[in-house]
Amino acid sequence: MSDGAFICSSPVRSLRGVLRVPGDKSVSHRALMLAAVARGDSEIVNFLESADCLATLRALRAMGADIRRIGEGHIIVRGGALRACAKPLDLGNSGTAMRLLAGLMAGQGVAGELTGDESLSRRPMRRIVEPLRAMGADISAAPGGTPPLSIRAAAPLRGIRHLLPVASAQVKSCLLLAALGAGGATGVAEPSPSRDHTERMLPLFNCPVSRDGGAVSVEGGAALRGARIEAPGDISSAAFFIVAASIAADADITLTGVGVNPTRTGVIEILREMGADIRVSGEHKLGGEPAADVRVRSARLRGVEVGPQWVARAIDELPVLCIAAACADGATRVRGAAELRAKESDRIDAMARGLRACGIAVETFDDGLAVQGGQLRGGEVDSCGDHRIAMAFAVAGAAAAGDVRIADCANIATSFPGFVKVAAQAGLNLGGAR
Ligand code: S3P
């Protein structure tokens, strides 16, 4: 079957196989954006052709970028100056596309309007609008601080120092991309480290980055040069199979070429704390990013405390970690994760409702949830149109006693278009219909 409007995850015992997940979403967005404004040609290999990254690609093309697809996940970009686009740029479901492009456009002095789907239209944008205005950008959001964003041409920006109240790679990267066109240095500090792909990639495009403790800064005006970027497999996509293999009665799977940037590996560390059997081997560098093979075998899991120090490094994996928690002995509590309420859906509520529908006791807090491990039963779950909620419940069949039926799954294609196929290779039993 193909990814469809609903998925039925039926019980399986055994998961086996050597799997490859598609390219990293965060790396793919950033590579396209930097390539579009760099001088000369760039080559992107293992680019993620998901709806979110394709929204970035279309927006950059609409602003004049010369982007050619020469094979699956293989992109050549001839960089140059972006120009204003009269029509609104529709970024679909992608918060990363909207926040990063807003920074890039403001820094390059390119006017435009950024819109998105219903979910993106609810997401908070003041966190980028305010610091971009402090840099001198002429940018506004709708009255509630949500999209659409309007960016008007302004005098060149000036660098600022900004302390993020909450760790966010999207906000940090927005400001670092704006900094490329600003006078002086822009420094960004955050309370705990978020993913650092932008900082790692900028030097590959000839823009030095300095790091001082937790702060990162970029000097405006660097002459970006084209680069070759190969994206590693997305650990956020691999996470669904890492959890599936951990909770299945009989599993041994290997995921090859997965990105293991330490700002993203919280999911592996939390699962190991829970008792998971995960081995990482063959570490190598792909451009500025570490990648490796990840072998996962079944294990008996126990509940753990996931405190604020873990959250930024596992932010997108917390939904599927709740599935692991549901299969563990004892309770798992996640705190300091209020950001989960501002994602593609309110992921605290979406996970709590779905788990309760499958017979698991869950308590929610403003900033997290407590999941009481037990036996997942079959049940009816609403993904709320959120790709990560859909995929989290789609792997529940690895440990559930009955069918888990998940409604509203079409958005899986925003981050992982081939999910159902890879899941079938692993031995998951997914049925459904478009
Ligand atoms: C992303 C950063 C994260 C993450 C998102 C991708 C990025 O968001 O949830 O899926 O590519 O920078 P925040 O940094 O806002 O938490």
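**Ligand site.** I began with the ligand in this predicted model and listed what surrounds it: Lys 25, Ser 26, Arg 30, Thr 96, Ser 168, Ala 169, Gln 170, Arg 195, Ile 315, Asp 316 and Lys 343. Next I looked up a few distances to oxygen atoms of the ligand. The side chain of Arg 30 brings an N or O atom to 2.6 Å from one. Ala 169 takes part through its backbone, with an N or O atom 2.6 Å from a ligand oxygen. For Lys 343, a side-chain N or O atom is 2.7 Å from a ligand oxygen. I then checked how much of the ligand is covered: alone it exposes 380 Å², and the protein buries 96% of that.

**Glu 199.** My next stop was helix H6, residues 197–201, which holds Glu 199. Is Glu 199 buried or exposed? I noted it as buried, because its relative accessibility is 5%, and the cut-off for buried is under 20%. So which side chain does Glu 199 meet in a polar contact of 2.8 Å? That partner is Lys 172. Beyond its neighbours within four places in sequence, I found Glu 199 in contact with Leu 176, Val 209, Arg 211 and Val 216, as well as Lys 172.

**Nonpolar cores.** I finished with the largest nonpolar core, which has 82 residues. Within that core, Phe 241, Leu 271, Leu 355 and Phe 419 touch the most other members. Helix H7, residues 235–247, gives the core its largest share, 10 residues. I also logged a second, separate core of 69 residues, with Val 188, Ala 227, Ile 229 and Ala 231 among them. I kept a general reminder beside this entry: in soluble globular proteins, nonpolar side chains tend to be buried together.

Methods. Residues are numbered from 1 along each chain as its sequence is written. This is a predicted model: local features need pLDDT of at least 70, side-chain atom pairs count only at pLDDT 80 or more; totals for chains, interfaces and linings use all residues. Side-chain values use heavy atoms; hydrogens and water are left out. A nonpolar core is a set of buried Ala, Val, Leu, Ile, Met, Phe, Trp, Tyr and Cys residues joined through side-chain atoms within 4.5 Å. Buried means under 20% relative accessible area, exposed over 50%, partly exposed in between (1.4 Å probe, protein chains only). Helices (H or I, at least four residues) and strands (E, at least two) are DSSP runs, numbered from the N terminus. A polar contact is a pair of N or O atoms within 3.5 Å; within protein, one must be able to donate a hydrogen and the other to accept it, and residues adjacent in sequence count only if both atoms are side-chain atoms. Contact means heavy atoms within 4.5 Å. A residue is near a molecule or strand if one of its heavy atoms lies within 4 Å of it. Accessible areas come from the Shrake-Rupley method with a 1.4 Å probe; for residues, only the protein chains shown count as cover.
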